[in-house]
Amino acid sequence: MNRTQDMQGTTAGGHVSLTRTGKSVPAAARRGPAPETNKLTPRARKFSREAVVRLLFVAPAALYLLLFFGYPVVKNVTMSLQDYGTKTFFTGEAPWVGLANYVAVVNSNLFGPAMVNTALFTIGSIAGQFVIGLALACFFKRRFPLNNFLRSMLLLPWLLPLIVSSATWRSILDQDSGILNQFLAGLGIISQPIPWLTSPTVALLAVVLVNIWVGIPFNVTIMYGGLQDIPDELYEAASLDGATGWKAFRHITWPNLQPVVSVVLVLGVVYTIKVLDIILGLTNGGPANATQTLSIRSYQESFINFEFGVGAAFSNILILISLVFAVIYLRANRRAVDD
Amino acid sequence: MKKSHKITTVTALAIAPLVLSACSGGGGGEKAGGDVNTLSIVDYYNNEPDKSLVQTALDRCAAELGVSINRETVPGKDHIQKVLQRASSKTLPDVLMLDNPDVQEIAATGGLSPLSQYNVDTSGFAEGILEAATYDGEVYGLAPTVNTLGIYYNKELLEAAGVQPPKTWDELKAAAAQLTSGDQYGIAFSGIATYEGSWQFLPFMWSNGGDETDLTSPEVAEALALWQELVNSGSASASVINWSQADVKDQFVAGKAAMMVNGPWQIPALQKVPEIKWDSVQIPVKEAGQESVAPLGGEVWTVPVTGDDAKQAKAAEFVECISSDENQLALAEARYTVPTRTALADEYVSRVPEMESFTKQVATARSRTGKLGEDWPKAATVIYDAIQLSLTGKASPADAFKQAAAG
């Protein structure tokens, strides 16, 4: 960062000095072609060297982006315009079908439910993760014994492979022998076992709950960091004025946490909207398609039905939605930096 | 000047690993002509004991043909993806194992060579499995052994309740109801939203005269109504919609289900739990006198088109060898699967009496792709969607198939 700024400084400086010398040259001589080229040669050489350096700085990142982001995205877009099936792998032929795949996607009976489920899943997960994460972050801001230990234990869900956690949750949520139902029944909260993963009306909620559990560590970690940046003096000053507890939160913590909050929320949306493994592990999109989301549709069309074109169309729609939030994130981030 | 030099060096160093890494990776495929010394093989028997049992059979054929083999096993879930990948990179193996319902789809791509090209003898095989491996009148693969579905029952639980193993749907419902108490269900089956769920539903649908070419027929709906009744009456857990066949076996082994619908490949797992005394019968039919028709399972060995004629010819010999009488009996005995040469059935049952009901079931079993060919996956999707709709109470059995067919 500093280096680049340095370089920009020199470039700008060079320009200024050159223009100054240019001014001192008589007007007629300036218009003449010969001295102009004479003068320009060293400048051009210097300029081109700097350009090369600049290019070399950009090259690794550009190359990486092109290879690992550009190519897959372009391939995904072209694939969504082709009839790309099992045959394609053997014959290499993937006829162009225009927007037919997108038409198939939008007209499929599962498109509407998948959109709604994606929205519900994302909003539910983010709301739960955020509220619980913020509460825990505030809690851990106090000093008490074992604080650090407990906070690191909280990272556990983050460290477990998602396939492992979803398999574990599947048995926890089992209707007949799951420990959650037995626990709730033991407490007398429920009389009938809750069909967590077997009822189409409850399954989405169950999946959201598990995803909240997965997302809490991320929220706590980021917001705990944000809380650390709020100077204690503010709270001390406020407590002199009688603002403690909820009032302190409302008038000091919340406004000061704004930039972090917007970043957490937008990143959370981008991460959550594409969640695949948890849902695959828990319900595989069922029961009766009750937990179908755009990412599950994309996966199943591609790798179960081997309709890679339709799958690509689903994932492009997903990428487009994520992109909107990514732009929001970039703007929020810039504002946070400006602040 | 000095600074920019330094910068150039730094940048160059930063790029270096990228350039270097671009060089590494990506081995070359081998191309051998003339004399065939090695055959590459891909299959999905990646778990023990199947992995070594199949290896034994492959080694035997390798010795017989005087070739060495280069075998790769991939997880069943990734098998077709792997095949597609290798097809697009032109690195298909010389001998490829395929699950029988996948054969026609892969054959339709032109990626397999017909066995008639190499004069492979396909007579004497059970009709169902040949049908599964046939596309456009050509046989593309041979299966040494096959499997199917049946009803396993816990002998002790049935004796204690004074229940006979069911032969008809009414008996099945009554037995399941009688065997349900506490946290023990009468029966377990897999109604999961994958091809496994459809596969488990087929014996009930076919035995009742239903057909995959017309899923809106009353016979099909009746079979689904039977499943729905078992769940709604509490004789089967509502969780059947999430159970794979392995989960069903776990329930049975844990004593949480007195009966289960499952296949003979579970026998090795069941034998590990000697406390559970079990036996098996054929899938019950709606009314006594009807024929129980179950689907054929099992894997078919094929010869992909690799462009190397000599190797393909050798591979065809290899495929023929895997399905020789001797290999069929050895594999069938070790893996609890049924030999595909119908003439071997009696000898097989005398050697492995546990397999009696399954062997009987195989004789009348049908292949999933026999009628629909490469369109079978679409029908299978409609079937498991309908199962999910009706077992979760979102639709009546008849409406479930209409809704599922609508996409």
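## One residue and one interface

Biologist: Leaving aside neighbours within four places in sequence, which residues is N211(A) in contact with?

Modeller: Contact here means heavy atoms within 4.5 Å. With neighbours within four places in sequence set aside, the partners of N211(A) are F121(A), S125(A), Q129(A), T272(A), V275(A) and I278(A).

Biologist: Which pLDDT do local features need in this model?

Modeller: Residues are numbered from 1 along each chain as its sequence is written, chains are lettered from A and ligands numbered from 1 in the order in which they are written, and side-chain values use heavy atoms, leaving out hydrogens and water. The model is predicted, so totals for chains, interfaces and linings use all residues, side-chain atom pairs count only at pLDDT 80 or more, and local features need pLDDT of at least 70.

Biologist: Is N211(A) buried or exposed?

Modeller: The residue sits in helix α11 (residues 203–228) of chain A; helices are DSSP runs (H or I, at least four residues), numbered from the N terminus. Buried means under 20% relative accessible area and exposed over 50%, with partly exposed in between (1.4 Å probe, protein chains only). The relative accessible area of N211(A) is 4%, so the residue is buried.

Biologist: What share of chain A is buried?

Modeller: Chain A holds 16 helices and zero strands, a strand being an E run of at least two residues. Of its 339 residues, the buried share is 38%.

Biologist: How much area do chain A and chain B bury between them?

Modeller: The size of an interface is often given as the accessible area lost when the parts come together. Buried area is summed over both parts (1.4 Å probe). Carbon and sulfur atoms carry 61% of it, and the total is about 3,300 Å².

Biologist: Which three residues supply more than any others of the area that chain A buries against chain B?

Modeller: Chain A brings 35 residues into contact with 44 residues of chain B. Of the area that chain A buries there, 20% comes from three residues, more than from any other three: F89(A), F90(A) and A288(A).

Technical notes
Buried area = accessible area lost by both parts, 1.4 Å probe.
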